[in-house]
Amino acid sequence: MNNNKLYFIYGIEILFVLGLSFGSQSIHFENVQKWAVVVARYVAYLLMIRGAHEACVYGYGVLQTQEEINVGRVWRRCRTFVVLLAASLACVLYCEQRIIGEEFLLLFIAHLIVKYPEVEQPPIINYGMGMAYSFYEGYLAHIIPSDGGRFVGFQENMSIYESAQGIVFPVKRLFLVITRSLYCPPDLKHFNKSDSSLPHLEACKSLEDVEKDVAGVKGRTYRNSAYVIYRPGRRAVYLSAECATPLHTLYRVLQKKTVYEELADVDSRELVRDFCSTLRSAVHKNPESRDKCELVFYDDLDPTQNLADVLLDKIRELEPNFEEIISKRE
């Protein structure tokens, strides 16, 4: 919903309240100070209830993604509400009234009762969830499972590549790199460090193309990239990796906020969190993709992180004996 609609609805609600105020026979405005204190106290109540809800939502998201708490981002998102809460509390204190009365607990209980039907309702599909479902059904569902015809499936395609190139993939999964900045370069070697003593990525010949007739397009081609991680003094490690194209699209959109005004105030971190949790769930729930695709988070804004090392850590987590696997090929 854009800002014009929000302002229009907000204006209607104000007119509704004014109509109730002037039309009621039981409301009197002789004591303006009394009304100001009552309104300020209830504004503080509502803001504290909303703050408790938002804190729970944010805390749950942090626990799910294991990301660090970004105090600056939290402040930018909440500062208007904090200022409004501070002004309300100052008004109550100035008039030497109690900040919290027993009605606060009753209001909180009423809020939870009214909130319960929302918990029971099916979740509303948001932008991040929609991107994940579209990415899975529009891309992963075409390149991961076998179609029972010409395409043998992603893992078998990797086995064919191994035989043709004389290499071995210690983990036969598609690694989807999720960057913190959302930036997705044309080649993952962009994330290599200048320090030659660190592992680094190089692109190899791509896996065999997948051709399918999709949505009226005859012979649509899908292609997955193979990469090799060179480790100084140690054996090379091969894998198939790429960035998630919907996040690449989101990155481009966010660079043009003047064009796409509806997304000017969007919380990109929340979108990515919804995208990743939904995609991970879809991959796990579908037997045809389970254990064949892996999301890898990479903080490209942290100069101490190296993508090759992050991928090696993920490979080691999935296959602790990967060193033995790659040594048997030689």
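Reply: Gly-149 lies in the loop between helix 5 and helix 6 (154–165); helices here are DSSP runs of H or I with at least four residues, strands are runs of E with at least two, and both are numbered from the N terminus. With a relative accessible area of 53%, Gly-149 is exposed (over 50% is exposed, under 20% buried and anything in between partly exposed, using a 1.4 Å probe and protein chains only). Its C-alpha atom is 24 Å from that of Ser-134, 15 residues away along the chain. Before going on, please keep in mind that this is a predicted model, in which local features need pLDDT of at least 70 and side-chain atom pairs count only at pLDDT 80 or more, while totals for chains, interfaces and linings use all residues. Residues are numbered from 1 along each chain as its sequence is written, and side-chain values use heavy atoms, with hydrogens and water left out.

Tyr-127, Met-131 and Phe-135 from helix 5 meet Thr-245, Pro-246, Leu-247 and Leu-250 from helix 7, a contact being heavy atoms within 4.5 Å. Six of these contact residues are nonpolar, one is polar and none is charged (Ala, Val, Leu, Ile, Met, Phe, Trp, Tyr, Cys and Pro are nonpolar; Asp, Glu, Lys and Arg are charged; the others, Gly among them, are polar).

Most residues other than glycine have a negative phi. Ala-215, though not a glycine, has a positive phi of about 50°; this residue is in the loop between strand 3 (210–214) and strand 4 (217–222), and is exposed at 77%. Asp-291 also has a positive phi, near 65°. Asp-291 belongs to the loop between helix 8 (268–285) and strand 7 (293–298) and is partly exposed, at 47%.

One more loop brings us to the cysteines. Cys-95 is in the loop between helix 3 (71–94) and helix 4 (102–120), and at 15% this cysteine counts as buried. Beyond its neighbours within four places in sequence, Cys-95 touches Gln-33 and Val-37. If a disulfide is a pair of cysteine sulfur atoms within 2.5 Å, the count comes to zero. For Cys-78, in no disulfide, the nearest cysteine sulfur is that of Cys-56, 13 Å away. Cys-91 is in no disulfide either, with the sulfur of Cys-95 nearest, at 4.9 Å. Cys-91 is partly exposed at 26%.

Finally, the UniProt record, an unreviewed entry, lists residues 6–23 and 35–53 as "transmembrane region"; its positions follow the numbering used here, feature names are shortened, and annotations may be inferred rather than shown by experiment. In this model residues 35–53 are 100% helix and 0% strand, with end C-alpha atoms 27 Å apart.
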